[in-house]
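Visitor: I would like to learn how to read a model of this kind. Please take one feature at a time, with the general idea before the case.

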Amino acid sequence: MTARPSGHPSGEGYFLIVHKDSLSRTNKHAMAPFPGFHDVYTDCPSGARVFSRLRIGADVQASLGHGLPILILLHGYRQAGLMFKHFVNEIPLHWSVLVPDLPGITHTCAYIQVRKQHKAHRPSLETRARTPSAQWAQDILHVADALFGGAAEPLRLVVFGHDRGARVAYRFALDHPARVAGIALLDIVPTSHVWGAMRFEDGHKETHRTHHWITLAAPRPLPETMIAANPEFYFKHTLAGWAGAGSGARGEHEPEWVRDAVAPYLDPQRGWDRIVASCEDYRAGATHDLADDLASGIDPRKAPGLAKPLFACPLLILSSQHLRARFDVDGIWTALGVPGNGMVAELPGRRRVDGPLPC
């Protein structure tokens, strides 16, 4: 499937090629993971040291000049860039591709300075160490500029994100609009809309569905300690619940994607740090990211017709039936995008068969 946002001529490069089959299933007979990519580490001013997989497109001059933007792939919660190891085989070789591990996850180290918690254990912006989406976006922008240095003009980027990576992607577009040629978001609605849906009037249905948002955002070190007591059970149980019956996550033969997702948290050397980082991530989502959404004008309390278009770049919104049953996905994103710059696509089936689609 080739998706081109309306209103942008294909000659300008503002499009993203998406193969529906590579989103809905993995090819176990594909080539070795990330052929043609190089592993690199980049130190950021924030203190994060970001691990990335990098592929320079066949047409280097076009990629770094006035031709194609750089394609950045951002993973979601409890996964890493490894989730794209089959998907990258579907991307034409003339595209330059950057696949980072987000700070605090797997090979990437995030600088987290934890201050003492208030005696009453009340969450506050001052006492909690978080890595908000805005900082992650800034770190990834620094990585892109460092690795693709030498361009005559600032690089243009297409950012494709899943789950947490999708939240970084839309913040990327809001904070750095001059650098973003387009974004693609896989199965999310804005952070403020998820928190806004956790309400008594709806019987707290969304609260039950997204209970991990609340659990992981709880004051430290409660969730970290509980998860670390049996991380294999926690992550496999969570993955199986998100992925559904058709994923094979509960089967006798464990799928490859489950092993890839869980293994970093079982590492005796760094597993604890990664669990802590994932909790700080959700603490950021409950505070900084929510505040940033509202400050930008992404407010679920506004009437649909009063929402102000915020995204000047083309948007590609991919959503599952599971998410669409819970939220007005089309209405939310259409209201936030400039008319003519968006495209919404529904993925077949309630769930992916190669992995979970939590929001």
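Guide: Start with secondary structure: helices (H or I, at least four residues) and strands (E, at least two) are DSSP runs, numbered from the N terminus. Here P221 sits in the loop between helix 7 (211-216) and helix 8. The peptide bond that joins R220 and P221 is cis, with omega about 0°. The protein has 14 helices and 10 strands. This is a predicted model, in which local features need pLDDT of at least 70 and side-chain atom pairs count only at pLDDT 80 or more, while totals for chains, interfaces and linings use all residues. Residues are numbered from 1 along each chain as its sequence is written, and side-chain values use heavy atoms, with hydrogens and water left out.

Visitor: What share of the residues in the protein is buried?

Guide: Buried means under 20% relative accessible area, exposed over 50%, and partly exposed in between (1.4 Å probe, protein chains only). Of the 359 residues in the protein, 53% are buried.

Visitor: Which residues other than glycine have a positive phi, such as one near 55° or near 60°?

Guide: D163 has phi near 55°, and H204 has phi near 60°. D163 lies in the loop between strand 7 (157-162) and helix 4; its relative accessible area is 1%, so D163 is buried. H204 belongs to the loop between helix 5 (191-197) and helix 6 (205-209). Its relative accessibility is 30%, so H204 counts as partly exposed.

Visitor: How does one read the length of a helix, and how many residues does helix 3 have?

Guide: The expected span is 1.5 Å times one less than the number of residues. Helix 3 (residues 133-147) has 15 residues and reaches 21 Å from its first C-alpha to its last, close to the expected 21 Å. Buried residues in helix 3 include W136, I140, L141 and V143.

Visitor: At what angle do helix 3 and helix 4 pack?

Guide: Axes are lines fitted to C-alpha atoms, for helices over the stretch in contact, and angles run from 0 to 180 degrees between N-to-C directions. Angles under 35 degrees count as roughly parallel, over 145 as roughly antiparallel, 65 to 115 as roughly perpendicular and the rest as oblique. Helix 3 and helix 4 pack at about 75°, with axes 8 Å apart, so they are roughly perpendicular to each other. Contact means heavy atoms within 4.5 Å. Among the residues making this contact are W136 and L141 of helix 3 and R164 and F172 of helix 4.

Visitor: Where is H176, and is it buried or exposed?

Guide: H176 is in the loop between helix 4 and strand 8 (180-186). With 14% relative accessibility, H176 counts as buried. Leaving out residues up to four places away in sequence, H176 touches Q138 and L141.

Visitor: Which residues touch the most other members of the largest nonpolar core?

Guide: A nonpolar core is a set of buried Ala, Val, Leu, Ile, Met, Phe, Trp, Tyr and Cys residues joined through side-chain atoms within 4.5 Å. In the largest one, of 64 residues, those with the most contacts to other members are L157, Y170, I183, L185, F311 and W333. Helix 4 (residues 164-175) supplies the largest share of this core, 7 residues. Another core, of 19 residues, lies apart from it, with L71, I91, V158 and A184 among its members.
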